[in-house]
Amino acid sequence: MASAWWPCLILALLSSLAASGFPRSPIRLLGKRSLPEGVANGIEVYSTKINSKVTSRFAHNVVTTRAINRADTAKEVSFDVELPKTAFITNFTLTIDGVTYPGNVKEKEVAKKQYEKAVSQGKTAGLVKASGRKLEKFTVSVTVAAGSKVTFELTYEELLKRHKGKYEMYLKVQPKQLVKHFEIEVDIFEPQGISMLDAEASFITNDLLGSTLTKSFSGKKGHVSFKPSLDQQRSCPTCTDSLLNGDFTITYDVNRESPGNVQIVNGYFVHFFAPQGLPVVPKNVAFVIDISGSMAGRKLEQTKEALLRILEDMKEEDYLNFILFSGDVSTWKEHLVQATPENLQEARTFVKSMEDKGMTNINDGLLRGISMLNKAREEHRIPERSTSIVIMLTDGDANVGESRPEKIQENVRNAIGGKFPLYNLGFGNNLNYNFLENMALENHGFARRIYEDSDADLQLQGFYEEVANPLLTGVEMEYPENAILDLTQNTYQHFYDGSEIVVAGRLVDEDMNSFKADVKGHGATNDLTFTEEVTTGKITLWNRAVPSTFSWLDTVTVTQDGLSMMINRKNMVVSFGDGVTFVVVLHQVWKKHPAHRDFLGFYVVDSHRMSAQTHGLLGQFFQPFDFKVSDIRPGSDPTKPDATLVVKNHQLIVTRGSQKDYRKDASIGTKVVCWFVHNNGEGLIDGVHTDYIVPNLF
């Protein structure tokens, strides 16, 4: 992943734009509100559209803003977009009076140098900077002549992560003035099917949102549309400023018939894994807390409030301890203790008594917590089937003891030895966040910035809720070595309830029709293996000239023009109104068999409803016909007797066996005893078997 440089992207426009001759003006679109309707400082933004298409959790977003200079002189127009920190810009264009100027997206260090150079030369450039907790701000300005039109178009993409059981798509809405045509259009396509879809806006009442928002989902598709009129954008009935200023959030989840889902497109695959209903693995938590002088006041009080809430969520099977560091290190207990009601009450008293003092010794605090977890495991003080976690909170940089970041990272890495994750929480902005993030990532955890705000305690508690319920440890995603070329990370320390593991890779053979994916992990009571059989076989349903394509692994129902088709994991049921029903089953055989191949079984339910004129390989037997079986005798296989079948004036040798009938149970089938006709049905069927073979269907 390239997340390390996403926040520092730059866009440098072609130098020809700087030579357009427009004088620059200090007047910006980011001025005050309550300006004449639809026009701010001579600039009218008459259209803003956010178009998002989400496919298999991957969001492709295009933000387009159109403006016109209504003034008599050249004006500077600014384009601001706040996008998620986990997103990355893929394209930007600027169009002035029909002439398009493409942008170049650059990496961190190159971007910064080119941005500074472009600005010093009076050229147009854009830079992405941090903007709050979840967002980065992209800003670019350009001067346009009187009467000229300008169009800004920014494209960014993002892999949506599953958080507490839902995927979240976060859009910042802040047009800063009334916009004649403002809209958000989001289309979601999930091959697994959508189980829930919701949308909400922080800047608008539910009553008004209900009249501007439409949302719907059915099967694999979901849609959200937000289109407020000019009057609905007003902050009051007679106001000329906009109330659109806040967060627009879309959440959804998908159907989960099985723990995993593998999707294959153009020679690549992506494996989504999110099991449900597993018991929680007990956890052993070392809370390493900074109580140095800089934590004094509100920060320490909020930390206490958060820890008290976290203690309420601890399960009795869990173990914990508190390690406090300032200039030196102290602990609540000598070793980890179980989260019994008595111990939790004592822990609350300890948390309430924490006081700030001294310097910041991050190195010794972390090493004490790590040593405590290692010793608890070695001395069997904690359950065998449990998992250990270090959670460290600090608001500053190390300034006593070992203070070199690279040495602290080395010490921590060697002490943990890959056995459990480290999660670092950075309180405020006066710290080396990159150091905390790098140290956490190399120890299979992550870092989170806690913002100094009134809800800092809720931010801390929210983080803990993400890691409070491990369902699996030591997760390994395994694929056939001879089938996969490239693979993203496929081993994980933990799988947490409500999250999702995503692995992507490239197939050796683009025409490969199937492979097996195994997921192994340690659960609360036993080791578990989840197997996902992957097939690229497709089912295409044509409605006149429009095709709809599905996989044999889908679970979906389609109804149109009197036809109903239901796919449910390798079998398909097709019904024509009140008439006949067909069942088609994908039969898969051992892949290394020298002769046998996967095949489709075609079964007919209620065949008596078919016309007497029906023919074909199966159709000729839909109506009753005369036959007689006699002279049952031992065959070449003692378990399968032979007999004589008289049918259609032919005398045939048949052999007793069994077969699966899938008409009543399309998933498992029913075992039935039957007589097998030899020689490709010669004498039983009309003509010969080659009469029923066609080179292709279309």
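Helices and strands are here DSSP runs, of at least four residues and at least two residues respectively, numbered from the N terminus. The structure described is a predicted model. On this basis, helix H4 gives the most to the lining of the second largest cavity, with 4 residues. This cavity has a volume of about 90 Å³. Its lining consists of Phe287, Ile289, Thr303, Ala306, Leu307, Ile310, Ile391, Leu393, Leu425, Leu460 and Phe463. By class, the lining comprises 10 nonpolar residues and 1 polar residue, with no charged residues.

The axes of H4 (residues 298-313) and H9 (residues 456-467) come within 8 Å and cross at roughly 35 degrees, and the crossing is right-handed. On the side of H4, the contact is made by Gln302, Thr303, Glu305, Ala306, Arg309, Ile310 and Asp313, while H9 contributes Ala456, Asp457, Leu458, Leu460, Gln461 and Tyr464. Sorted by class, the residues of this contact are 6 nonpolar, 3 polar and 4 charged. Among the contact residues, Thr303, Ala306, Ile310 and Leu460 are also found in the lining of the second largest cavity.

In total, 4 cavities of 30 Å³ or more were counted. The largest cavity holds about 370 Å³ of space. It is lined by 24 residues, of which Thr65, Asp80, Val81, Gln174 and Pro175 are the closest to its centre. Two or more lining residues come from each of strand E2 (43-55), strand E3 (58-69), strand E4 (75-84), strand E9 (149-159) and strand E11 (166-173). The largest share, 6 residues, is given by E4. The lining of the largest cavity has 15 nonpolar, 4 polar and 5 charged residues.

An open space was also characterised. The second largest pocket has a volume of about 1,800 Å³ and a lining of 36 residues, with Tyr603, Leu618, Phe621, Gln659 and Cys674 nearest its centre. At least two lining residues are supplied by each of strand E38 (599-605), helix H10 (616-619), strand E39 (627-637), strand E40 (640-647), strand E41 (650-661) and strand E42 (670-677). By class, 25 nonpolar, 8 polar and 3 charged residues line this pocket.

Strand pairing was examined in two further regions. Strand E15 (residues 221-226) runs antiparallel to strand E12 (residues 181-189), to which 6 bridges join it; here Asp187 stands opposite His223 of E15. Strand E14 (residues 213-218) likewise pairs with E15 in the antiparallel sense, over 6 bridges, and Ser218 has Lys221 of E15 as its bridge partner. E14 and E15 form a hairpin with 2 residues between them, and Gly219 in the turn has a positive phi of about 60 degrees.

Between E17 and strand E18 (residues 268-273), the antiparallel pairing extends over 6 bridges, and Val262 stands opposite His271 in E18.

Terms used: Residues numbered from 1 in each chain as written. Predicted model: local features only at pLDDT ≥ 70, side-chain atom pairs only at ≥ 80, totals over all residues. Heavy atoms only, no water. Axes fitted to C-alpha atoms, helices over the stretch in contact; angles between N-to-C directions. Left-handed = near helix turned anticlockwise from the far one by under 90°. Contact = heavy atoms within 4.5 Å. Nonpolar A, V, L, I, M, F, W, Y, C, P; charged D, E, K, R; others polar. Pairing = 2+ DSSP bridges. 1 Å grid on protein atoms, 1.4 Å probe; cavity = no way out; pocket = protein on both sides within 12 Å on 5 of 7 lines; lining within 4 Å. Points joined across faces, edges and corners; volume = space filled by probe spheres on them.
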